[in-house]
Amino acid sequence: MLTAPPAVTHSSSPAAVACQGLSSGYRGKRVLEGITFEIREPAIYVVLGPNGAGKTTLFRTMAGVLRPQSGSVSIAGQSVDEQATKDRLHFLSHIDGLPDGLRVEETLRLYGSVEGADEADVERVLRLLEIEPLRERFVSELSAGQKKRVAIARIFLHEREVYLLDEPTANLDPKVASEIRDLILRLSRDRVVLYSSHNLFEAREIGTYVLALKSGKLSLFSRIADLRSTRYVVGVRAAIGEQHLPVANKKGDYYLFELPGPDDVAGLIQELEGKGVRLREVKEMGNPLEDLFAA
Amino acid sequence: MTLVTLRRGALAGRFYLAIGVIVSLILTVALLRTARGTAEFVAVFPLEIPLFASLGSMGGLMLFVGDRSKGVLEYFISYGVRPRTLFVNCLLVTMALTTIVLGGSLAVGLGGYLGAGNPLSTDLENSLLGYTIPMAYASALFASIGGIIWSALSTPRMGLNTPVGLAPILGVAPPVVVLIVAEGVDKAAYYEVTLGATLAFLALVVLLLVASSRLMDRERYLSSM
């Protein structure tokens, strides 16, 4: 069984989230195959994988929306099919899940009535997500980004132990996406957040752990900080002596150098300075999470 | 079913509801003005109403299809709402919308008929209770259940060639057939035709309901987006 590396594995308390031999899919077609892992530590667990790898199917099955074909999902030791577990998790689908024919405020009230939140909670999330000016607007009139904010507001109506967020920042502009990530980061201090994204830089920025899916199987469960890229690439910007840098390896403003590892950066700087290059900036260009897609 | 769900259903199918109510009322008023004697009104009025009750109640089906494609149904399921409850809620919306069309037409038609000094005959009472009211609900439910199952089992597509686009025909066709057949038969056969059609159609709706519990498994409620 894959367990988050620093988890308190000897704890007698049940895992916050546990999948055991989980296989799932649609109409007899298997999408997920033998997924097994346990999560005990509050953090953001980024679920990565190419299109069709099974991310949405995993989230749907963990949320109890889709029944497993075999295996099990449990939240705090209880099967996800039990009604009690419904009060322990929030599921944000990759589609907004916003009903037609309601205004923003009415939509949140409807969600609140399902989730046991009251009027004060609705007012709080309207302020938190900065959607107060939209409260009288019909959801159907909103832009894709505004709809996403209303959909996300739902998960802040009522606190839960586990959050399943399927591409929560898709369609958001960078500023709002960053604000949402900050809110989710705050949540993850004492909550388990599973977060799927296609944005590898976002995943690296926000995630503590990564679960990689490949062809419906869990190919990796690791702390992101422990991942090492197979290619270590640094980008260099020069103030003086740019003519000594390799034009063929230029990407944007950066000249790229492939190195064996981070320990070799100092040597590269020394070598370039020896050639008369005065450096303005040196930064790591590769993202080890890219390898999870390329593998 | 909550008032919010009913309102959303009415909003989703507002054009069908408006057409159902308005055309039904126009035909009722026209019949009141042109019917040559009470016998013609008693024969035709009960046959007309189910046509528009079925058409006006498409909001239930449209609510289900819209909520399914937008992921609203899977949201509710994730919070512990049973899929069957969501299905039944849409049928309740269908019945509520049917009641609006049916109620309006019956109120205007019967009000005008009785207000003109005509008595509520046993024939008219039997037709309304034995055909008009049950057939209106049965044809509306038939169209909704058929449309829901069809849309859930088929690949989503746009335009009129879809379950939502074609479901009104499912609902309107049976009362049209009964209207054509019943108007061409004598009085004794009229009641046999209408009552027989009602019973056959109610049985069909019950069969569809039973089939839906087998066909509409949990994943049929999920968006295919």
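This is a predicted model: local features need pLDDT of at least 70, side-chain atom pairs count only at pLDDT 80 or more; totals for chains, interfaces and linings use all residues.
How many C-beta neighbours does Glu167(A) have inside 10 Å, and does Glu167(A) count as buried or exposed?

**Figure 1. Chain A, seen as a whole, is divided into two domains.** Domain 1 of chain A covers 2-226, and domain 2 of chain A covers 232-294. Chain A has nine helices and 15 strands to look for. Of its 295 residues, 38% are buried. Now think about who touches whom in chain A: take the contacts between residues at least 6 apart in sequence, and 69% of them join residues at least 24 apart.

**Figure 2. Here chain A meets chain B.** Chain A brings 23 residues to the contact, and chain B brings 22 residues. On the side of chain A that touches chain B, the elements giving two or more residues are helix 2 (83-86) and helix 3 (104-115) of chain A. Helix 3 of chain A gives the most, with three residues. Sort the residues on this side of chain A by class and you get 11 nonpolar, five polar and seven charged.

**Figure 3. Helix 3 and helix 6 of chain B pack against each other with their axes within 8 Å.** A quick reminder before you look: two packed helices are described by the angle between their axes and the distance between the axes. Helix 3 of chain B spans residues 38-56 and helix 6 of chain B spans residues 83-115; their axes cross at roughly 155 degrees. Angles over 145 degrees count as roughly antiparallel, so that is the label for helix 3 of chain B and helix 6 of chain B. The crossing of these two helices of chain B is right-handed. From helix 3 of chain B, look for Phe41(B), Phe45(B), Ile49(B), Phe52(B), Ala53(B) and Gly56(B). Their partners in helix 6 of chain B include Leu97(B), Ile100(B), Val101(B), Ser105(B), Gly109(B) and Tyr113(B). What classes make up the contact of helix 3 of chain B with helix 6 of chain B? There are 11 nonpolar and four polar residues, and no charged ones. One more handy thing for reading a helix contact: an α-helix has 3.6 residues a turn, so residues three or four places apart point the same way.

**Figure 4. Helix 8 and helix 9 of chain B make another packed pair, with axes 9 Å apart.** Helix 8 of chain B is residues 163-183, helix 9 of chain B is residues 187-215, and the angle between them is about 165 degrees. These two helices of chain B are therefore roughly antiparallel to each other. Helix 8 of chain B passes helix 9 of chain B in a right-handed crossing. On the helix 8 side of chain B you can find Pro174(B), Val178(B), Val181(B) and Ala182(B). They meet Tyr190(B), Val193(B), Thr194(B), Ala197(B) and Phe201(B) in helix 9 of chain B. By class, this contact has eight nonpolar residues, one polar and no charged.

**Figure 5. Glu167(A) and Ser215(A) are two loop residues with positive phi.** Most residues other than glycine have a negative phi, and most peptide bonds are trans. Glu167(A), though, has a phi near 50 degrees, and sits in the loop between strand 8 (162-166) and helix 6 (174-187) of chain A. Back to the opening question: Glu167(A) has 20 C-beta neighbours inside 10 Å, so Glu167(A) counts as buried. Ser215(A) also has a phi near 50 degrees, and belongs to the loop between strand 10 (209-214) and strand 11 (217-223) of chain A. With 13 C-beta neighbours inside 10 Å, Ser215(A) counts as partly exposed.

**Figure 6. Helix 8 of chain A is hardly covered.** This helix of chain A runs over residues 265-274, and one of its 10 residues is buried. Which residue of helix 8 of chain A can we zoom in on? Leu272(A) has its place there, and is buried, with 20 other C-beta atoms within 10 Å. Leaving out residues up to four places away in sequence, Leu272(A) touches Val236(A), Val277(A) and Leu279(A). Gly25(A) is another story: 247 residues away along the chain, its C-alpha atom is 54 Å from that of Leu272(A). After helix 8 of chain A comes Gly276(A), with a positive phi near 95 degrees.

Terms used. Residues are numbered from 1 along each chain as its sequence is written. Chains are lettered from A and ligands numbered from 1 in the order in which they are written. Domain bounds come from an automatic or database domain assignment. Axes are lines fitted to C-alpha atoms, for helices over the stretch in contact, and angles run from 0 to 180 degrees between N-to-C directions. Helices (H or I, at least four residues) and strands (E, at least two) are DSSP runs, numbered from the N terminus. Angles under 35 degrees count as roughly parallel, over 145 as roughly antiparallel, 65 to 115 as roughly perpendicular and the rest as oblique. A crossing is left-handed if the near helix is turned anticlockwise from the far one by less than a right angle, and right-handed if clockwise. Two residues are in contact if their C-beta atoms, placed from the backbone, lie within 7 Å. Ala, Val, Leu, Ile, Met, Phe, Trp, Tyr, Cys and Pro count as nonpolar, Asp, Glu, Lys and Arg as charged, and the others, Gly among them, as polar. A residue is buried if 20 or more other C-beta atoms lie within 10 Å of its own, exposed if 12 or fewer, and partly exposed in between; C-beta atoms are placed from the backbone.
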